[in-house]
Amino acid sequence: MSARRRVVVVGGVAAGMSAASRARRLDPDLDITVYERSHFCSYSACGLPYHVAGLIPDHEALVVRTPEEFAADGVTVNVHHEVMAINVVERTLRVRNMAGGRSRTEPWDALVIAAGARPASSGIPGKSLPGVFTLRTIEDAQAIRAWIAARDCREAVVIGAGYIGLEMADAFRARDLATTVVERADHVLPLVDPDVADDIAAELAAKGIDVVCGVTVDAIAGKSRVQRVLAGGASIAADIVVIGVGVRPDTTLAAAARLPLGPDDGIVVDEGMRTGVDGVWAAGDCCQTRHLLHGGPSYVPLGTTANKQGRVAGANVAGGDERFAGVLGTAVVKVCELEVGRTGLGEQEAANAGFDVVSASVTHLSRAGYYPGHEQLRVKLLAERGSGRLLGGQIVGREGVAKRVDVIAAALHAGATAAELEGYDLSYAPPFAPVWDPVLIAARKTAEAATARARLREAV
Ligand code: FAD
């Protein structure tokens, strides 16, 4: 009798557990083992800010499936186990039981690296002071909650106004902490264009969150715990600090094993999530991927992508031939009462990728004007001058943003022009949209801008 083929997965969150589950479903004979450094597997990191805010009081609500549930399906999940090294020649790895156990060598026939990302190292002096946190794992969220619960915290500082930083600012506001956000760039949420970011800054100000942009933090100061954040000559009082200055792919193992890394240091994979080394796949936030609009490498660490990539890796480990085509960077985030969505390229990104870009914005209603509860929605679309091919979209408003940004994402996937989007058969009834949806009006304006300016240029 031949031995079962042994699949080992490093990392037990979105990408890793998707890979393990899919491989198990497709091939019941595989021997599948997952190693996960933290105490939890298969959880939603995306829900962590809401756990800190108190909206989701129990962290267990964020856990999708436990190791026991995976065991019942024949997938062995070893939490609190750290893989220290992989040997791609001998097809082994070195793993350590973090609960005081010794390290051991384990063989594998197929390896999936799903090690995710780590908070970017800020290098800020004082970042190790008690009361300074990053947010990536359930343990991080628990530590933040415990810090607040144990003392009379009044003031919070969030360093970085990306989506995690803004979600944390909102969480601190929900915990009645006076909150300041310090951002090095000249506008909040660098995922969107500056004009769209103005609406977000206005919302933060209206909700009493102080925002300081264009300022680099010099140091975090305090005696036995954090007390101040020093930035641009100002000293901001802080009982708690969260650093959210982005994430970097966790490629410690991959780099040591000499797997190819891309320009953003993500593991290079093909559409089947294969690395350059036979028998080794990678998926999720530790990988770079392909941007569907410019075709070049891109690093967009999001849960949606990690789940899809993990599923593809798992299928292919089990002998399939599935593909992950790439990303548009579609994302949606709630900032206080505001919904913000984006997909495709921003103006600067489009220009950097060599596109001659035009844009148009409209502000219109989320529901019929006569229907109670309508809100203003701002839709910005970007397209290529001349062809009118859509390049991106950004939406800000108090309702209906996610559905609409997904329409734009679908149009980008289809390679549609702005004029084609204007003709899309979108749903309409007074409680949900005006008869001319803001997306359709924005598409019309963008199509006009793309061709009118092209005509003007020809005339000149
Ligand atoms: P990770 O979730 O990082 O998991 C990798 C795991 O590998 C880690 O648990 C790590 O402990 C483990 N690991 C690493 N090295 C080793 C080793 N040597 N040995 C053993 N284990 C190891 N995405 C969205 O799409 N929408 C959102 O709204 C959203 N909100 C977010 C909010 C927050 C606060 C955070 C932190 C992330 C959010 N994301 C969101 C991003 C999303 O959570 C990630 O893209 C997703 O978790 C990536 O999954 P992954 O499996 O690739 O990596």
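These are my notebook entries on salt bridges in this structure.

**Entry 1: the model.** I worked from a predicted model. I searched the whole structure for salt bridges and got 32.

**Entry 2: Glu82 and Arg96.** I looked up glutamate 82 and found a salt bridge to arginine 96. Their closest N and O atoms are 3.1 Å apart. Glutamate 82 sits in strand S4, residues 81-87. Arginine 96 sits in strand S5, residues 92-97.

**Entry 3: Glu271 and Arg323.** Next I took glutamate 271, which forms a salt bridge with arginine 323. The closest N and O atoms here are 3.8 Å apart. Glutamate 271 lies in the loop between helix H7 (252-256) and strand S18 (280-282). Arginine 323 lies in the loop between helix H8 (303-317) and strand S21 (331-335). The pair therefore ties together parts that are 52 residues apart in sequence. Glutamate 271 is partly exposed, at 33% relative accessibility. Arginine 323 has 54% and counts as exposed, because the exposed class starts over 50%.

Entry 4: Which aspartate forms a salt bridge with arginine 323? I found aspartate 321, with the closest N and O atoms 3.3 Å apart. Both aspartate 321 and arginine 323 are exposed.

Note on methods: Residues are numbered from 1 along each chain as its sequence is written. This is a predicted model: local features need pLDDT of at least 70, side-chain atom pairs count only at pLDDT 80 or more; totals for chains, interfaces and linings use all residues. Side-chain values use heavy atoms; hydrogens and water are left out. A salt bridge is a side-chain nitrogen of Lys or Arg within 4 Å of a carboxyl oxygen of Asp or Glu. Helices (H or I, at least four residues) and strands (E, at least two) are DSSP runs, numbered from the N terminus. Buried means under 20% relative accessible area, exposed over 50%, partly exposed in between (1.4 Å probe, protein chains only).
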